[in-house]
Amino acid sequence: MSGLLALLDDVAGIAKVAAASVDDVVAAAGKAGAKTAGVIIDDAAVTPKYVQGFAPARELPIIWRIARGSIFNKIILLLPVALLLANFAPWLITPLLMLGGSYLCFEGAEKIFHLLFPHGSHVIDEDMKVKDPGHLEEQKVKGAIKTDFILSAEIMTIALAAIEAPNIWMQAATLAVVGLGVTLAVYGSVALIVKMDDVGLFLARNAPTPIGRGLGRGLVKAMPVVMKVLSIVGTAAMLWVGGSIIIHGLEVLGFGWLGHQIHDMAYAAGHAVSAQWEGAVEWISKATMDGIFGLAWGFVLIPIATKVVAPILSRKSETH
């Protein structure tokens, strides 16, 4: 009996340690997740555009496919790489982050360039010619997962930098919790956003009260505007996040002049208003300047990406 009691005591002790570890993981995940808020906003704002133009019945399946790809990106591909880099090649993290930030700047600047100087895409033109929605959906999902990979890499790297874990296993567990939590939050929100017009239509037709039917009609009318606003927010967030990553990376590499100038100007702007608005104005000023830098850097990258990188990649794909 004494042996059994001793065993139960040991089991209870192990359970307490396990519970404490879970609490530590959840707490660390919450702290790390908060650090990635900017990229999460970017991700949530960018994704709805990938289901625009498809039949309502295809919206949730497309989001689910992108969400599965996002989980695969974070847990299977990025988590092991992030842990290896953090423990064996930490000096590589900043250049890789800057590479991802450059991609975000390019994506955002290319959208604005297309708005200012409309130009056709041969891929979309071919899809429209053959009227193949299945192929177009495949291309959209692949594009979304590719963009998600960059955003997920930023999320996982930023989260990893914020984790204060005693060992690699705690780091892995915390990153896994962050990855799954962010994916659920982002794509759950996206699913609600893209189906809100269907909810409005249902209410407009079936709500038992005039107020409910009016709310439904209001949702149906508002959603096109909401989607347009989200598209603008997504582009702005790409430039803001990408620009801030590049500027911070330059500071880490010893080129801090630009970052210090932006910080000083934002600080001056914050102190030019009343104390209650100081923090907000300083943050908005810094985010705006980061975004302007991101846009300028993206414009620099457009000819490099379209005239140099794209032809090389297309040649390689043709040879394969």
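## Ground rules

Residues count from 1 along each chain as its sequence is written. Since the model is predicted, local features need pLDDT of at least 70 and side-chain atom pairs pLDDT 80 or more, while totals for chains, interfaces and linings use all residues, and side-chain values use heavy atoms, leaving out hydrogens and water.

## Helix H8

H8 covers residues 210–252; helices here are DSSP runs of H or I, at least four residues, numbered from the N terminus. Its 43 residues should span 63 Å, and the end C-alpha atoms sit 59 Å apart, which agrees. That expected span is 1.5 Å times one less than the number of residues.

There's a kink of about 35° at Ala222, shortly before Pro224 (the angle between axes fitted to the seven residues ending there and the seven starting there). After H8 comes Gly254, with a positive phi near 100°.

## H4 against H8

H4 (residues 93–116) packs on H8 at about 150°, axes 8 Å apart. Axes are lines fitted to C-alpha atoms over the stretch in contact, with angles from 0 to 180 degrees between N-to-C directions.

## Around Val281

Val281 belongs to H10 (residues 275–319). It is partly exposed at 24% relative accessible area, meaning between the buried limit (under 20%) and the exposed one (over 50%), using a 1.4 Å probe and protein chains only.

Leaving aside residues up to four places away in sequence, Val281 touches Ala269, Gly270 and Val273 (heavy atoms within 4.5 Å). Ala266 is 15 residues away from Val281 in sequence, yet their C-alpha atoms are 7.7 Å apart.

How values were computed
Helices (H or I, at least four residues) and strands (E, at least two) are DSSP runs, numbered from the N terminus.
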